[in-house]
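Reader: I want to learn how to read pockets in a model. Please walk me through one.

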Amino acid sequence: MHSVRQPNSICNYRVNMTRPPVLWMLGMLTKKQIHKGRFTIAAKHHITIAEIYETELVDIEKAIAHYEQAADYYKGEESNSSANKCLLKVATYAAQLEQYQKAVEIYEQVATSTMDNPLLKYSAKEYFFKAALCHFIVDELNAKLALEKYEEMFPAFTDSRECKLLKKLLEAYEEQNCEAYTEAVKEFDSISRLDQWLTTMLLRIKKSIQGEGEGDLK
């Protein structure tokens, strides 16, 4: 007798039905590790839970909460690099959810902690860049002031392509020149490809320029 292959939709449904128990089990394991003082292992469990909410259940708010908890445990164990990875996840999603102040605080915090590290300082410009974009979406003047502060804090940022792009975008915004804005983004993208997050943030800024046009970056 041949076995009957279940349709993918039914299989997927059954997998989805098992997820709440999996989360419950991970939650129990996490509590046990905390009780034993094994905070690094507890942090890893929180990351696993966050990833389930992030990719399978698509509940970003809960994913953020678990990444934040993981970061707290890593900080307590002085695993700052691991804590920063979790915090950057939080910042990414916070900005997508328009929680810009939260994103700015995290990006600035991580940038400040990495800019004096010879192995990590190259990443600082990326975090200052993202923080400035979050400022820009809220208020152009805030972005200007933030940019000045970042250049003062981290002089190497001034010569970066990210900083030069920000200055071009601010100039285009002041002139309400949508074409100049788009051209600056295209020039940057031709060398450093924009990811989905950057594209989203840049489009949000562009929409505040008069005569925005078609609403893309092409």
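**Reading the pockets**

Author: Start with the second largest pocket. Its lining is Asn 80, Ser 81, Asn 84, Lys 85, Leu 88, Val 110, Ser 113, Thr 114, Asn 117, Leu 120, Ser 123 and Tyr 127. This is a predicted model: local features need pLDDT of at least 70, side-chain atom pairs count only at pLDDT 80 or more, and totals for chains, interfaces and linings use all residues. Numbering runs from 1 along each chain as its sequence is written, and side-chain values use heavy atoms, without hydrogens and water.

Reader: What counts as a pocket, and as a lining residue?

Author: Rolling a probe the size of a water molecule over the atoms shows where empty space is left. On a 1 Å grid over the protein atoms alone, a pocket is an open set of points where a 1.4 Å probe fits, with protein on both sides within 12 Å along at least five of seven lines; lining residues have an atom within 4 Å of a point.

Reader: Where does the second largest pocket lie?

Author: Between domain 1 (19–97) and domain 2 (100–210), because both give residues to its lining. Those bounds come from an automatic or database domain assignment.

Reader: Which helix gives the largest share of that lining?

Author: α4, with 5 residues. Helices are DSSP runs (H or I, at least four residues), numbered from the N terminus.

Reader: How many residues line the largest pocket?

Author: 13, with Glu 126, Glu 162, Phe 188, Ser 192 and Leu 198 nearest its centre. α6 gives the most, 6 residues.

Note on methods. Helix = DSSP H or I, 4+ residues; strand = E, 2+ residues; numbered from the N terminus.
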